[in-house]
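Please work through the exercises below with the sequence and the structure at hand. Each task is followed by a solution that goes step by step.

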Amino acid sequence: KYKDYFNWLLLTREVRESTARMYVDNLRCIFNHTDAITKENLLTVHAKLKAEGKRNSYLNHLCTTARLYTMFLRDKGLPYDDGILTIKKLKQEAILRATMSDTEIEAFLKLKSPIKSLTYKCRYYRFTLFFSICAYTGMRPSEVSHLTVDTCDLGRMVFILEKTKTIPRVVPIPPNIVDKLKERIAECDNYLFPSISGSKEGSSLQNAVVDSVDWGYNFQTRIKRLVIKRKGLTPYSLRHSLITQLIDEDVSLFK
């Protein structure tokens with residue numbers, strides 16, 4: 001059942017292999033606590049895991065997995081409990097947003113590729129530019145991932161953000177990354193940070209660019225190399241660090 005579910009996720013839902021593996025692992029976790037995925041059973045599993053100290057975000061991941069598995073059963077003509085689709089996600093707990101010092105960010109961005117392979121080094125330094133843009137502009141990782149050649153206006157020295165969580169806006173291009181940015185623009189036809197595995201023809205846009213799995217993994221491996229053990233550090237910490245610094249310097253929130 002896991003193999004069929006995995007293939008269904010790849011072919012029907014068009015998710016990345018790493019994402020499909022995550023859903024399969026979540027499904028195994030659910031079946032470790034119950035023999036059948038029904039609304040009643042899933043709520044019982046949630047209550048048990050909640051008592052063990054699991055966060056709501058983790059329980060919501062299991063809920064999403066159960067929803068997808070229910071859709072899989074429905075598509076295959078197998079028995080399923082449609083009550084699973086009515087379970088509401090739990091409210092996320094407040095998370096303390098950790099920040100990084102200027103010294104830590106500088107060391108983070110200066111890390112050399114740990115592997116000499118040319119292909120690996122190219123990917124590694126591509127993410128160095130990715131994180132540099134996050135650190136020096138305060139842009140969200142999802143906004144940086146959707147940058148294209150056309151959204152980089154080197155004439156006005158601004159990024160034109162269209163794929164954004166809020167309203168479209170322009171963001172100044174930091175002078176210290178201009179040279180690396182120009183090199184990157186010269187290497188690509190469209191997206192500055194395309195998916196490592198490439199996009200499938202006719203697939204959703206999220207498969208065309210790097211996602212949270214990509215930038216999250218690369219961020220955490222660099223943090224481990226620097227032996228920074230502060231809790232709550234994520235790629236968003238680069239954005240939060242810049243904003244915190246601006247506030248400390250009495251820059252208005254509007255600006």
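## Aromatic contacts and pockets

In this predicted model, Phe108, Phe127, Phe130, Phe131, Phe193, Trp215 and Phe219 form one aromatic cluster.

**Exercise 1.** Classify the pair formed by the rings of Phe31 and Tyr69, and state which helices the pair ties together.

*Solution.* Start from the total, which is 17 aromatic pairs in the structure. For Phe31 and Tyr69 the ring centres lie 5.8 Å apart and the planes meet at 85°, and since planes over 60 degrees apart count as edge-to-face, the pair belongs to that class.

**Exercise 2.** Classify the pair formed by the rings of Tyr124 and Tyr125, and decide whether Tyr124 is buried or exposed.

*Solution.* The ring centres of Tyr124 and Tyr125 are 5.4 Å apart and their planes stand at 90°, so this pair is edge-to-face. With a relative accessible area of 4%, Tyr124 is buried, whereas Tyr125, at 34%, counts as partly exposed. Tyr124 has a further contact to record, in that the charged end of Arg222 sits over its ring, 3.9 Å from the centre. An arrangement of this kind also involves Lys54, which lies over the face of Tyr58 at 5.3 Å from the ring centre.

**Exercise 3.** Describe the largest pocket by its volume, its lining residues and the elements that contribute to the lining.

*Solution.* The volume is about 1100 Å³. The lining holds 32 residues, and those nearest the centre of the pocket are Met22, Ser57, His61, Ser212 and Val213. Two or more lining residues come from each of α2, α4, α7 (141-145) and α9 (212-225).

**Exercise 4.** Which element gives the largest share of the lining of the second largest pocket?

*Solution.* This pocket holds about 670 Å³ of space, and among the 25 residues that line it, Thr137, Arg169, Ile243, Leu246 and Lys255 are the closest to its centre. The elements that each supply at least two lining residues include α6 (118-137), β3 (169-172) and α10 (236-248). The largest share, five residues, comes from α10. The lining divides into 16 nonpolar, five polar and four charged residues.

Notes: Residues are numbered from 1 along each chain as its sequence is written. This is a predicted model: local features need pLDDT of at least 70, side-chain atom pairs count only at pLDDT 80 or more; totals for chains, interfaces and linings use all residues. Side-chain values use heavy atoms; hydrogens and water are left out. Rings of Phe, Tyr and Trp (its six-membered ring) pair if their centres lie within 6.5 Å; planes under 30 degrees apart count as stacked, over 60 as edge-to-face and the rest as tilted. Helices (H or I, at least four residues) and strands (E, at least two) are DSSP runs, numbered from the N terminus. Buried means under 20% relative accessible area, exposed over 50%, partly exposed in between (1.4 Å probe, protein chains only). A charge sits over a ring if NZ of Lys or CZ of Arg is within 6 Å of the ring centre and within 35 degrees of the ring normal. On a 1 Å grid over the protein atoms alone, a cavity is a set of points where a 1.4 Å probe fits but cannot get out, and a pocket is an open set with protein on both sides within 12 Å along at least five of seven lines; lining residues have an atom within 4 Å of a point. Grid points are joined across faces, edges and corners, and a volume is the space filled by probe spheres set on the points. Ala, Val, Leu, Ile, Met, Phe, Trp, Tyr, Cys and Pro count as nonpolar, Asp, Glu, Lys and Arg as charged, and the others, Gly among them, as polar.
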